[in-house]
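Subject: Structure handover

Hello,

Below is the structure I said I would pass on. My notes on it follow.

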Amino acid sequence: MHFSRRGLLVIGLVCACGNTYAQTEHEVLVERLTELLAEDMTEDFDYSEWVERLDFYQRHPIDLNKTDGRELRELQFVPQLFINNLLDHRHRTGRFVAIQEIQAIVGMDVESMRLLLPYITVNAPSSLSAVRLRKLAHDGDHDLMLRYGRTLQQRRGYAIADTTRSRYLGSPDQLFARYRYHFAKDLQLSINMKKDAGESFFAGAQRYGFDFYSGSLYLRNQGVVKDVVVGDYALQFGQGLALWNGLGFGKGSMVQGIAKQATGLRPYTSANEVLFLRGAAATVAMGRFSITPFASWRRLDGGVTMTADDTEVVASIGQTGLHRTPGEVANRGAVQQAVYGINTQYRFGRLRVGTLAYHTRFDATVSPQPLLRNRYAFRGNALWNTSVHYDYSFKGIYVFGEGAHQVGGGYAFLNGALASLHPHLSLSLLHRDYRRDYHSFFSQGLAEGSGVANERGFYSGLVYHPSRAVEWMAYADVFRFPWLRYRVDAPSRGMDMLSQFSYTWYKRGQVSIRYRYRHREENAAMEGPHHLVAGVSRQQVRLGGEYRLDGTWRVRGRIELMHYQKEAGATELGWMVYQDVFWKPAGSRLSGNGRLAVFGTPGYDSRIYAFENDVLYAYSFPVYHGKGIRAYANARCRIGRTMDIWVRYATFVYRGIDELGSGLDLIEGNRRSDVRVQFRAQF
């Protein structure tokens, strides 16, 4: 996209602020980016990997004269069209002298440019050239973080003493320890250790301490070897139809996010216990070609049973990583998974084409329950997946796509385009066709359903920038499910539409209003001789804004309404209002923020999700449902130049109920309170 002279002047002034702007605005930018990109994810989604990545590139900015675009893609919000134009601009005009030069590159709006500034630089020194072992030991950066949390009210699962019943075997304490070693940007050692609430610690099945250990050694940019990871790693290729581990976003108010930014091979640093591979992988570049061979072996959770012919069978693979009860402990690591394959990529100018082939094998046979909706579900113990993925940009148009195939099964296709129709207007288009008999255990393509299968849809979006202060965006996604799904005993269809208007005061604040309409079909409430589906609609209206009062105080608020209706029956109208306050005096060691929210929803169907600030790397989107008050407060104290302590207290107080939750998670009373303490040392 082109910019007006006024917009270019704004960018120039921001760039002139340089590192001072990056230091004072980085945390605000992380909050905004997290809410924009992750607003449509589930409440238990782990954002730590991406937030840690932003923090890393804020401390080690991306050198525009050295990047091949991979680091910019890792930020997730930088359009590929801009990346391609940046590389082409550098090829034609030579090295960048200052970051102000990016204002001449087509492909990014003013707001996204503002978000990018803290993460880029020019002429950064090489990190591992002529480095000796002693220098690695003394000049590297060490980062140690310890986190403790728990729910103050007792859940039923901790009070059960009868050893013959299901119960929580461990304490309600949540423990997390993280260590990072960096030598500049090209050498990284990562270690994660985690204990969830209810899991044992140095006892029972967790006799070695934490329930989950994760680690990796990562080296990159060493001649033809671009990336090497030993340990836990993630692979992201194409548009996620065949293989995509770790972080992945979907639909949201950043329309360009429909084009996934594949990062290839990366070390896995998240606390999520499921979405990764374990073994070794490398990316080797030879001219225009690059190859990424990989191999993984790990144990997964699953309830394994024996058939009459002594065959080990598992109905499904566990996805929670929780080992709190005797049943969960019995399923821990019961299934072995081996994965190996290779991705190849060819790049010629603005064109990138890649091919992928990999094999997945289990030591038990996957056999889903004999339900009609599972007629096309995967059965067996081995699976081959292949795909071809591409992207190409020309002037103001970026096209991308992937075609994936399960050998012996179905196909999945996705093709899309981002186009600048006018200096102030851009268009996004995407078509997808996922066959009902296509399967992949590592897919995260854009979808309305829960996976890349049994879905066809067409997405179109517009973004209009009449000025740097005003933005209007809208999208419509029409889809259908050709086969049955959970709670839908017939083929069904639906649509998702969103429109949002935003106004921004430069470095002072922003206000936005949003309307979203979602329509899907579910089983009808009335029982009959035939399977019938009924329409379910959800309408959302949101008015929100934030404003910087001065150099110390910032406020943010939101009013949100949610309307739910199924068939012609009764409707639910939910609402939520919150007010946030941020306090950060210049030069002070203390800072903090808090929220007071009031909400009321008749039932879970009219629930509302809202972004919350937390301790570092722990942003969250809890669900607001029922009637009550939500409040939380976060405080941070810096100790010297190398240590920080965060403290968080959060509580839900519900009205008109005597107990919360159900089963082992049931809490007597109407209050749930959580505390969290985190310590970080950098040396």
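A salt bridge here is a side-chain nitrogen of Lys or Arg within 4 Å of a carboxyl oxygen of Asp or Glu. This is a predicted model, in which local features need pLDDT of at least 70, side-chain atom pairs count only at pLDDT 80 or more, and totals for chains, interfaces and linings use all residues. Residues are numbered from 1 along each chain as its sequence is written, and side-chain values use heavy atoms, with hydrogens and water left out.

Confidence

pLDDT is the predictor's confidence in each residue, from 0 to 100. The protein chain has an average pLDDT of 88, and 90% of the residues score at least 70. Helices (H or I, at least four residues) and strands (E, at least two) are DSSP runs, numbered from the N terminus. Helix H1 (residues 5-17) has the lowest confidence in the protein chain, with a mean of 36, while strand E10 (residues 289-300) has the highest, at 97. Over residues 1-24 the pLDDT stays under 50. Where pLDDT is low, the predicted coordinates should not be read in detail. For residues 1-24 the model has 41 contacts beyond four places in sequence, a contact being heavy atoms within 4.5 Å.

Salt bridges

The structure holds 45 salt bridges. A network of them links Lys251, Arg432, Glu448, Glu455, Asp477, Asp496, Arg516 and Arg520. For accessibility, buried means under 20% relative accessible area, exposed over 50%, and partly exposed in between (1.4 Å probe, protein chains only). Arg520 is partly exposed, because its relative accessible area is 26%, whereas Glu448 counts as buried at 15%.

Asp186 and Arg220 form another salt bridge, with the closest N and O atoms 3.5 Å apart. This pair also links distant parts of the chain, 34 residues apart. Asp186 sits in the loop between strand E4 (174-183) and strand E5 (187-195), and Arg220 belongs to strand E6 (residues 212-222). Both residues of the Asp186 and Arg220 pair are buried.

The salt bridge between the side chains of Asp88 and Arg92 is 2.9 Å, N to O. Asp88 and Arg92 are 4 residues apart in helix H5, so about one helical turn separates them. An α-helix has 3.6 residues a turn, so residues three or four places apart point the same way. Asp88 is partly exposed, at a relative accessible area of 25%, and Arg92 is exposed, at 55%.

A nonpolar core is a set of buried Ala, Val, Leu, Ile, Met, Phe, Trp, Tyr and Cys residues joined through side-chain atoms within 4.5 Å. The largest such core has 41 residues, of which Leu75, Phe77, Ile102 and Leu116 touch the most other members. At least two residues of this core come from each of helix H3 (48-59), helix H5 (80-93) and helix H6 (110-116). H3 gives the largest share, 5 residues. Not counting residues up to four places away in sequence, Leu75 touches Trp50, Leu54, Tyr57, Ile62, Leu116 and Tyr119. Another core lies apart from it, with 36 residues, among them Leu81, Tyr218, Tyr438 and Val452.

H3 is mostly covered, with 11 of its 12 residues buried. The buried ones include Glu49, Glu52, Arg53 and Asp55. The expected span of a helix is 1.5 Å times one less than its number of residues, so the 12 residues of H3 should span 16 Å; the end C-alpha atoms are 16 Å apart, which agrees.

Two single residues

Arg266 is in strand E8 (residues 264-267) and counts as buried, at 11% relative accessibility. The side chains of Arg266 and Glu74 are joined by a polar contact of 3.1 Å. A polar contact is a pair of N or O atoms within 3.5 Å; within protein, one must be able to donate a hydrogen and the other to accept it, and residues adjacent in sequence count only if both atoms are side-chain atoms.

Ser591 lies in strand E26 (residues 590-601) and is buried, with a relative accessible area of 17%. Ser591 touches Trp583, Lys584, Asn634, Ala635 and Arg636, leaving aside residues up to four places away in sequence.

Regards
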